Amino acid sequence: MRMTTPEIVLLIIIATLGHAMALLWYLAITRKWKICERAIYALPISSAQIKRELRNSLHAPLHAVLLAAFLYLGFFKNTSWLSFIGSLVTATIWAEIWHYGSHRAFHIRRLHWIHREHHKSHLNSWLTAISFSFSEKLIFDLGFLGVLAALDHWFGLNVFGIATWYIGYLVINSFSHGNFELKSQHYNRWLGKVITSTTYHSLHHSRYTGNYGLGTRVLDRVFQTEWEDYERLYDRISTEKRPLKRLSEKVQPVTSG
């Protein structure tokens, strides 16, 4: 089925946005922008890691290719505003569930080969957000889009709503894989009780387990997979501006008396 010009433009945007965000982070780090003031880990990143992540980023646009294939097959053609909103909400909810479930599964010994390449980066760089094995990218995006395609049969989903989710995901995922905390000192008092932060996902990389959620803390709390010192560590970085010096370093609770 022929694709429209707006659909093609959207596909190009989501195909290139991950690398555009990586470039933004590269400029921020090398030019020492203000957003790099609150480092999470005060540790160096090797040139070998950057080269490896750069190679892995070559297949980062796979999601755009798969979405184009679904469009070609006739999926996601509803163009109403109601379907746009419904598709965006559905994509957001399903992505959170699918990411948490698949992410935890990838940490099972027999399946960890799928996720190992991403986890070679114990410390996040400006490229880590787009450094995945081809297998992991394929499995995540097929699982994400495949379920949406099945729902499309009954509800008529909108490609622009799905692409809007991808845009938000690529931006947020890039910030989540930074080594700098951007959110406010009081973030965890309200919104941060539900939504994750850069520090939240940095703990997953440095400690290798826990904090599996994509954008929220909800499923980590339900299944008790959240690191219990996360908020204390966040306060240390955000308020005291004291980065961690070791990947395994933990922040102990303050005891009185």
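Guide: The largest pocket has a lining of 34 residues, and Trp165, Tyr169, Ile172, Leu214 and Gly215 are those nearest its centre. A pocket here is an open set of points on a 1 Å grid over the protein atoms alone, with protein on both sides within 12 Å along at least five of seven lines, while a cavity is a set of points where a 1.4 Å probe fits but cannot get out; lining residues have an atom within 4 Å of a point. The model is a predicted one, in which local features need pLDDT of at least 70 and side-chain atom pairs count only at pLDDT 80 or more, whereas totals for chains, interfaces and linings use all residues. Residues are numbered from 1 along each chain as its sequence is written, and side-chain values use heavy atoms, with hydrogens and water left out.

The volume of the largest pocket is about 580 Å³, a volume being the space filled by probe spheres set on grid points joined across faces, edges and corners. Two or more lining residues come from each of H4, helix H5 (112-119), H6, H7 and helix H8 (198-207); helices (H or I, at least four residues) are DSSP runs numbered from the N terminus. By class, this lining divides into 11 nonpolar, 18 polar and 5 charged residues. In this scheme Ala, Val, Leu, Ile, Met, Phe, Trp, Tyr, Cys and Pro count as nonpolar, Asp, Glu, Lys and Arg as charged, and the others, Gly among them, as polar.

Buried residues of H4 include Ala91, Trp94, Ala95 and His99; buried means under 20% relative accessible area (1.4 Å probe, protein chains only). The buried residues of H4 pack against H5, H6, H7, H8 and helix H9 (218-222).

The largest nonpolar core has 28 residues, and Phe76, Phe144 and Trp165 have the most contacts inside it. Such a core is a set of buried Ala, Val, Leu, Ile, Met, Phe, Trp, Tyr and Cys residues joined through side-chain atoms within 4.5 Å. At least two of its residues come from each of H1, helix H3 (62-72), helix H4 (81-106), helix H6 (134-155) and H7, and H3 gives the most, with 7 residues. Beyond residues up to four places away in sequence, Phe144 touches Ala91, Trp94, Ala95, Trp98, Ile162, Trp165 and Tyr166, contact meaning heavy atoms within 4.5 Å.

Leu148 lies in helix H6 and is buried, with a relative accessible area of 0%. Leaving aside neighbours within four places in sequence, Leu148 is in contact with Phe76, Thr90, Ala91, Trp94, Leu157 and Ile162. The C-alpha atoms of Leu148 and Ile162, 14 residues apart along the chain, are separated by 8.9 Å.

The second largest pocket has a volume of about 160 Å³. It is lined by 14 residues, with Ile29, Ile45, Ser125, Trp126 and Phe180 closest to its centre. Its lining holds 8 nonpolar, 6 polar and no charged residues.

Technical notes:
Buried < 20%, exposed > 50% of the residue type's maximum accessible area, 1.4 Å probe, protein only.
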